[in-house]
Amino acid sequence: MEFNLGRRIRKAISTFTGKALIDEKAIKEIVKELQRALISADVDVHLVLKITKEIEKDAMEIEKRRELDAREQIVKIIYDKLVELLGERYEPEIRKKKILLLGLYGSGKTTTAAKLGKFYKTRGLKVTLVCADVDRPAAYEQLKQLCSKAGLSFYGEKDNKNAREIVKHAMEKLDGFDVLIVDSSGRSGLDDVLIDELKQINEELSPDERILVLSADIGQVAGKQAKAFNDSVGVNGIIITKADGSAKAGGALSAANAANAKVMFIGTGERIEDLRPYDSKKYVARLLGFPDLESLIEKVKNIEQESQIDATKMIGEKLTMKTFMEQLKAAKKMGPLKDVFSMMGAPDVPEELVSQSEERMKKFESIINSMTEYERENPDAIRKSASRIKRIALGSGCDVSDVKELLRQFDMINKMMHGFKTDRGMRKRIERMLKKGFKF
Ligand SMILES: Nc1nc2c(ncn2[C@@H]2O[C@H](COP(=O)(O)OP(=O)(O)OP(=O)(O)O)[C@@H](O)[C@H]2O)c(=O)[nH]1
Ligand SMILES: [Mg+2]
């Protein structure tokens, strides 16, 4: 299923944006995952390597600049490259025209003829469908039924095996149509018989649009087929059908784009309404589950805010009583103790807990003031020595239990900070601990 591609890319992006730190490793990881996802959607390996290389290069440059919105910038690059890979946007002209649909067996020509007819009908044009499939016995009935279902006028000659004649008669007998859509025979391959028949219809009809109908499940072969049909009969563009049911739609769309075939519409279901003009931006947005790039970026921003930890400050720096106290002081200066928590990555501390903590903090500050320089750097030394604990308690006018409490809290925070380096879920654990009554 095509949503598989979407799901995999979405997952890769959310893993990436959820990282505490965007570094080379994180970029390499998402690039690898994108490669896997695209290759599994049958996108040509060379194309995959090309765009992922470009993504990697651009992302690495952003990483080097260490800008705050690196995540957003990188997600935007991925989005843009996917759009580039999948082609452009087609805007159908709403005007009088003659359309010839062609393609191999079962690609979806007849269904698409009806869908396309309905599309133009709902835009105010008078549409007639012509059955010029003289190969398959049931073709006449199939199109006729679809037409009556969609309220479209139909022309066909059940027993006539000459496609050119049918088209000729249709043109003679019908006037007053705005859009004439001709459904032609399928073949198992692009052989001389098919080419000849298409050329004949083409001469008779002189269509404004010759549209090749391709099924998404042929994947990257779509590129070769588009080229072959264009070389032999000439096509103006293609319609990719069954984009809803195939895991290879990405492969088909990207290959068509690489072969310079213009994707005009995509079919996304069996119902007559399931056809829409192609727009690679919308396609990617839908693939990723967002209506547009802006809303995707908005989401990324939120993830970023949720997980905002002052990672550069915390990581790599050994926590000592000194730095611990510096943080406490800084927080005091800044006012709300909430900032300390937010620096630890736990921004949503309940207010009551914070106000309760202020007093405790003052106590802690005086305890830390009673420590020697050595003790502040090596809290372990205090922990191991009952006499040090006693001396510090006395000096700060607190109880031994307060000193032990400080050590315990310090230890916890130290572990948490270590956890930030490796574990994003740690933040959740801190929050849980805080809710259970972890206090300063
Ligand atoms: N899910 C899905 N099914 C589609 C779509 N387009 C066509 N189909 C189905 O594909 C099958 C073949 O469609 P047709 O329209 O008969 O194909 P065709 O190219 O006219 O086939 P021949 O005339 O035999 O060459 C039918 O069962 C359609 O319902 C689509 O966009 N999505
Ligand atoms: Mg057909």
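**View 1. Ser107 sits in a loop.** Ser107 is found in the loop between β1 (97–102) and α5. Helices (H or I, at least four residues) and strands (E, at least two) are DSSP runs, numbered from the N terminus. Ser107 is buried, with a relative accessible area of 6%. Buried means under 20% relative accessible area, exposed means over 50%, and partly exposed is in between (1.4 Å probe, protein chains only). A polar atom of the Ser107 side chain lies 2.9 Å from the backbone oxygen of Leu104. This is a polar contact: a pair of N or O atoms within 3.5 Å. Within protein, one atom must be able to donate a hydrogen and the other to accept it, and residues adjacent in sequence count only if both atoms are side-chain atoms. Neighbours within four places in sequence aside, Ser107 is in contact with Val213, Leu214, Ser215, Thr241 and Lys242. Contact means heavy atoms within 4.5 Å.

This is a predicted model: local features need pLDDT of at least 70, side-chain atom pairs count only at pLDDT 80 or more, and totals for chains, interfaces and linings use all residues. Residues are numbered from 1 along each chain as its sequence is written, chains are lettered from A and ligands numbered from 1 in the order in which they are written, and side-chain values use heavy atoms, with hydrogens and water left out.

**View 2. The whole protein.** The protein has 21 helices and eight strands. Of its 440 residues, 52% count as buried. The protein exposes about 21,200 Å², and carbon and sulfur atoms supply 50% of that. Accessible areas come from the Shrake-Rupley method with a 1.4 Å probe; for residues, only the protein chains shown count as cover. Take the contacts with a separation of 6 or more: residues 24 or more positions apart account for 73% of them.

**View 3. Ligand 1 and its shell.** There are 20 residues around ligand 1, and Gly108, Lys109, Thr110, Thr111 and Asp244 come nearest. A residue is near a molecule or strand if one of its heavy atoms lies within 4 Å of it. Helix α5 (residues 109–121) gives the most to this shell, with four residues. A polar backbone atom of Gly106 is 3.0 Å from an oxygen atom of ligand 1. The side chain of Asp244 has an N or O atom 2.8 Å from a nitrogen atom of the ligand. Gly267 places a backbone N or O atom 3.4 Å from a ligand oxygen. Taken alone, ligand 1 exposes 650 Å², and the protein buries 81% of that.

**View 4. The largest nonpolar core.** This core has 81 residues, and Phe229, Ile238 and Ile240 touch the most other members. A nonpolar core is a set of buried Ala, Val, Leu, Ile, Met, Phe, Trp, Tyr and Cys residues joined through side-chain atoms within 4.5 Å. Helix α4 (residues 70–85) supplies the largest share, nine residues. At least three residues come from each of domain 1 (2–87 + 292–306) and domain 2 (97–278). Those bounds come from an automatic or database domain assignment. Apart from this core lies another, of 28 residues, among them Ile99, Leu129, Leu143 and Ile272.

**View 5. Leu194 in helix α8.** Leu194 lies in helix α8. At 1% relative accessibility, Leu194 counts as buried. Leu194 and Leu102 are 92 residues apart in sequence, yet their C-alpha atoms are 9.7 Å apart in space. Setting aside neighbours within four places in sequence, Leu194 is in contact with Leu104, Ser185, Arg187, Gly189 and Phe229.

View 6. Asp279 caps the N-terminal end of α11: a side-chain oxygen lies 3.0 Å from the backbone nitrogen of Lys281. Within the helix (residues 280–288), Ser280, Tyr283, Val284, Ala285, Leu287 and Leu288 are buried. Just after α11, Gly289 takes a positive phi of about 80 degrees.

View 7. Asp42 has a phi near 65 degrees, a positive value in a residue other than glycine. Asp42 is placed in the loop between α2 (24–40) and α3 (45–65). Asp42 counts as buried, at 19% relative accessibility. Ser206 also is not a glycine, and has a positive phi of about 30 degrees. The loop holding Ser206 runs between α8 (192–205) and β5 (209–215). Ser206 counts as partly exposed, at 45% relative accessibility.
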